[in-house]
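Welcome, and please open your viewer. We will go from stop to stop, selecting one piece at a time and looking at what surrounds it.

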Amino acid sequence: MFEELRIAEPIKYALSKAVSEKKISHAYLFYGGDEQTVEKVAWAFAAGCVCTSEQPPCGVCAHCRKAAQKAHADIIVLRSDEASIKISHIRQMQYEISLMPYEAEKKVYIVYQADSMQKPAQNSLLKLLEEPNEYAIIILLAQSKSGFYPTVLSRCQVYDFGPAAMDVHTRQLTVSFFESILQGDMKDSLAKSATLAGEDLDQVTKCIVSFLRDALLYQKQQGNVSTLLINSENEKLIHKIARRYGGEQIQKTLDFIFDSRLSTSTNSQLFMQAVYCLLSAR
Ligand SMILES: [Zn+2]
């Protein structure tokens, strides 16, 4: 299962070795790289942790099949609906980890956007990492490791998947789209939304979502977030977006984007026009 993934060979080797020799650590941090690829790595690794065959992950046993469908009872996802992972999320995880696995020998937690974790949540996570139990494995997924406490990092096996693969060209277009909306230039913003609609929609939504997510974080932390931002080099723009929109308007836009991404029949021009409307509403 690792073979087909386009990641660095040393990482492939280390992760395969860990599962095949059953020398699995209690905590991992996977950061950087292409988000979707790293997510696949996390799931393949989680499958390897619960797989019972000689060569995990075998891809064919009941555990692997359930993992492939993201339906294994002992592979649990932690993903915050809000801008960041809070202490309450970690407490919930702590409680669930205290329960024995249901069907496998291990219980794996995959924590998405772990770098959005605030300090109290990290302290709580640290306690969890300091007192590991024999069956729990935590995989933290993040864009960067700079927002984590060194004490948290020291308890994790850290894997760097390389620079985040956000397309530079799309990102530039997204920046000028936001700037145009913020300046209130309707004609120009519509033209830019049409240009974005002609690009790879997956990349475009990834960029827009990352800016909105940064703005939400900025609002909640009152600006004290540079190390947590995905688009830290565009901090000024993030600041402007955070000032212009209420949290509710950003959330509404994010909800719309996620709902549209689920449907395969999305018309990219209409989609971008709708995003424009949501962002230009006062
Ligand atoms: Zn298997």
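Start by selecting strand β3, residues 107-111: five of its five residues are buried, so the strand is largely enclosed by the rest of the structure. Here, buried means that 20 or more other C-beta atoms lie within 10 Å of the residue's own, exposed means 12 or fewer, and partly exposed is in between, with C-beta atoms placed from the backbone. Helices (H or I, at least four residues) and strands (E, at least two) are DSSP runs, numbered from the N terminus.

Before moving on, a word about what you are viewing. This is a predicted model, in which local features need pLDDT of at least 70 and side-chain atom pairs count only at pLDDT 80 or more, while totals for chains, interfaces and linings use all residues. Residues are numbered from 1 along each chain as its sequence is written.

Now show the side chains of β3. In a regular strand, side chains alternate between the two faces of the sheet. Lys107, Tyr109 and Val111 are buried on one side of β3, and Val108 and Ile110 are buried on the other.

Strand β2 (residues 75-78) pairs with β3 in the parallel sense over four bridges; two strands count as paired if DSSP finds at least two bridges between them. Strand β4 (residues 136-142) also runs parallel to β3, joined by five bridges.

Zoom out and colour by domain: domain 1 covers 9-160 and domain 2 covers 168-280, with bounds from an automatic or database domain assignment. Their centres, taken over C-alpha atoms, are 29 Å apart.

For the last stop, select helix α7, residues 168-182. Which residues of α7 are buried? They are Thr170, Leu173, Thr174, Phe177, Phe178, Ser180 and Ile181. Seen down the axis of α7, they fall within an arc of 160° (taken from the directions from the helix axis to the C-beta atoms), so they line one face of the helix. On the other side of α7, Val168 and Gln172 are exposed. Just after α7, look for Gly184, with its positive phi of about 75°.
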